[in-house]
Amino acid sequence: MKDYHLYNKNGLAFYVFRKSRGVWQLAFGVLADDIKEACIDALILRFDTDVPELFYHHGKRQVVEVRAKKYSLWHIYLNNAYVGSIQYYTFTKQFNYHLEDNCLLTDDQVQKYIVLIQRGELKWIKDDIR
């Protein structure tokens, strides 16, 4: 569990947002729902390092996580549910990926995650020499 303090523009009033077991919530303070959700979105994008993006589908927040695994493999999760993987093949020096059927993610989104991996903006476990 980790707490994040946000201060109002007057510098006195503050709000405490808490991340506990991967779930963000407003733990102290009162904010309108839309402002609270916007703050949580900003905290997720700022502090959850494996999250390349979030989006809304039918009014529900969809958080994408790309978690590095051994052997140049990444698993893709949507709201903590596995939806696909990305694999880098050292022999061909190419990325391939797989998405589960009926997944909300598109090919363009996965291509964007591959670019983030190539730039080093998403973790890459490079000590897995085969």
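Predicted model: local features only at pLDDT ≥ 70, side-chain atom pairs only at ≥ 80, totals over all residues.

Colleague: Which domains is the protein divided into?

Modeller: There is domain 1 (3-48) and domain 2 (64-119); the bounds come from an automatic or database domain assignment. Taken over C-alpha atoms, the centres of domain 1 and domain 2 are separated by 29 Å.

Colleague: What is the strand order in the open sheet?

Modeller: The open sheet has 3 strands in the order β1-β2-β3, with antiparallel pairing. Strands are DSSP runs of E with at least two residues, helices are runs of H or I with at least four, and both are numbered from the N terminus. Two strands pair if DSSP finds at least two bridges between them.

Colleague: Which strands stand at the edges?

Modeller: β1 (2-7) and β3 (23-28) do; each has a single partner strand, so one side of each is left without a neighbour in the sheet. From one strand to the next, the twist averages 30 degrees, with axes as lines fitted to C-alpha atoms (for helices over the stretch in contact) and angles from 0 to 180 degrees between N-to-C directions.

Colleague: How many bridges join β1 to β2?

Modeller: β1 and β2 run antiparallel and are joined by 6 bridges; His5 has Val16 in β2 as its bridge partner. β2 and β3 pair in the antiparallel sense over 5 bridges, and Ser20 stands opposite Val23 in β3.

Colleague: What about the hairpin of β2 and β3?

Modeller: That hairpin has 2 residues between the strands, and Arg21 takes a positive phi near 55 degrees there.

Colleague: Changing topic: how many salt bridges does a search of the whole structure find?

Modeller: The search finds 9, a salt bridge being a side-chain nitrogen of Lys or Arg within 4 Å of a carboxyl oxygen of Asp or Glu. One of them joins the side chains of Arg18 and Asp3, at 2.6 Å from N to O. Arg18 lies in strand β2 and Asp3 in strand β1, so this pair ties together parts that are 15 residues apart in sequence.

Colleague: Which residue forms a salt bridge with Lys112?

Modeller: Glu53 does, with the closest N and O atoms 3.2 Å apart. Glu53 lies in strand β4 (residues 53-57) and Lys112 in helix α2 (residues 107-119), so the pair ties together parts that are 59 residues apart in sequence.

Colleague: Is Glu53 buried or exposed?

Modeller: Glu53 counts as buried, at 13% relative accessibility, whereas Lys112 is partly exposed at 39%. Buried means under 20% relative accessible area, exposed over 50%, and partly exposed in between (1.4 Å probe, protein chains only).

Colleague: Finally, which residues form the nonpolar patch on the surface?

Modeller: Tyr7, Phe14 and Phe28 form the patch, with about 330 Å² of accessible area together. Areas come from the Shrake-Rupley method with a 1.4 Å probe, and for residues only the protein chains shown count as cover. Patches are made of residues with over 30% relative accessible area and no salt bridge; like charges are joined within 9 Å, and nonpolar side chains (Val, Leu, Ile, Met, Phe, Trp, Tyr) within 5 Å. Phe14 lies in strand β2 (residues 14-20) and is partly exposed, at 31% relative accessible area.

Notes:
Residues numbered from 1 in each chain as written. Heavy atoms only, no water.
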